[in-house]
Amino acid sequence: MKLILAILLAFASTVFASTVDNFSLPLNRIETEENFLLQTIQTRTAYRQETIAKTCFRTEFDGYRSVCGYFPVVFCHDNRASHSECQSRLEFRCHQEPQYRNVSYTCYDTVTVPYEVNDHSVRANISVNVNRNTNQTNIENCAMNFSLMGEVLKTGSDCRNQLIVAKNSQRSEMDQFGTVTSFYQYQLNVLDTAATIAPIDGGIEQMQLEGHTLTFRAGDLSRNANYSLNLFVERRHLLKSDETLINRTLSPSEFSFEKINDRFSTVKINLDKLLGGFNDSKKHVIKVEMNIHLPEGTLINNSQPLFSAQNTLTIKK
């Protein structure tokens, strides 16, 4: 009975769920503007009281039964000195005991059952403006997907070779018939994935000191200037607190890079110049972190690459 009730409750709460409308916007077309409409019905959960039958049990009298056996019986008598003496012995005796049984019967219970009812209609007017920040003439066959469930609009993209950054605004209004209409304005930036993450492609590797110049291998920094390089240098002391010499983002003039090939660059940072001198005979911990910066908005790719890389070097361990 409990299983049947659970199935009924689950069915009642899902069969009338808010409707869904979808639209897939291809991003490999020439057009830069697109307008479309999604329409759904928003439901709400209501509750009703229902009486259900279930099985209950009660205890009923079921007559008597004979119980026989040897039971101890105490006998007393006066002895010659007029003192009472008692003895115990076993005697076979029988007696009647009442017995009971459990009887099932149908009983009733009142339960609260949730169910979905249509609340109002929903319309989403969506306008999309696409800015393709890529030199690729043949963008992969990918799209931005819009899914309206009731009043909730969700976006996503399965693009891999392109990054989709979306910035949007929204306003809503309700008419006299209870229909909620929302107006969405999306600004999309379509970026080439490989070019965007080129500065950290392959991570930060081969970090070492050449004299007092820190060098390491990074990605191709010439393909994307929208990155930042943060340098952390800490002087480790044995008998006193460690000292942070620098922990900030460097300006482009505070480091240099040279291309090794089409994928990698060598980055150089002059620590003498940056710190006003560097004692490489003492223990230091040097940490470099590079971060890729995207245009303002939300990255909607379902699968996203890493946008940060870091490495640490310890001097005089």
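What is the handedness of the link of C56 and C107 about the S-S bond? The link of C56 and C107 is right-handed, with 65° about the S-S bond.

## Basis of the model

This is a predicted model, in which local features need pLDDT of at least 70 and side-chain atom pairs count only at pLDDT 80 or more, while totals for chains, interfaces and linings use all residues. Residues are numbered from 1 along each chain as its sequence is written, and side-chain values use heavy atoms, with hydrogens and water left out.

## Disulfides and their pairing

A disulfide is a covalent bond between the sulfur atoms of two cysteines. Here the term is applied to a pair of cysteine sulfur atoms within 2.5 Å. The structure holds four disulfides. With the bonded cysteines of the protein numbered in sequence order, the pairing reads 1-6, 2-5, 3-4, 7-8.

## C56 and C107

C56 and C107 are joined by a disulfide with an S to S distance of 1.8 Å. This pair links distant parts of the chain, 51 residues apart: C56 belongs to strand β2 (residues 33-78) and C107 to strand β3 (residues 84-133). Strands (E, at least two residues) and helices (H or I, at least four residues) are DSSP runs, numbered from the N terminus.

C56 counts as buried because its relative accessibility is 18%. C107, at 10% relative accessibility, also counts as buried. Buried means under 20% relative accessible area, exposed means over 50%, and partly exposed lies in between (1.4 Å probe, protein chains only).

## C68 and C94

The sulfur atoms of C68 and C94 are 1.8 Å apart and form a disulfide. C68 is in strand β2 and C94 in strand β3, so this bond ties together parts that are 26 residues apart in sequence. The link is right-handed, with 115° about the S-S bond.

How accessible are these two cysteines? C68 has a relative accessible area of 42% and is therefore partly exposed. C94 is partly exposed as well, at 47%.

## C142 and C159

Another disulfide joins C142 to C159, with an S to S distance of 2.1 Å. Its torsion about the S-S bond is about 95°, so the disulfide is right-handed. C142 lies in the loop between β3 and β4 (143-149), and C159 lies in the loop between β5 (152-157) and β6 (162-174), so the pair ties together parts that are 17 residues apart in sequence. Both C142 and C159 are buried.
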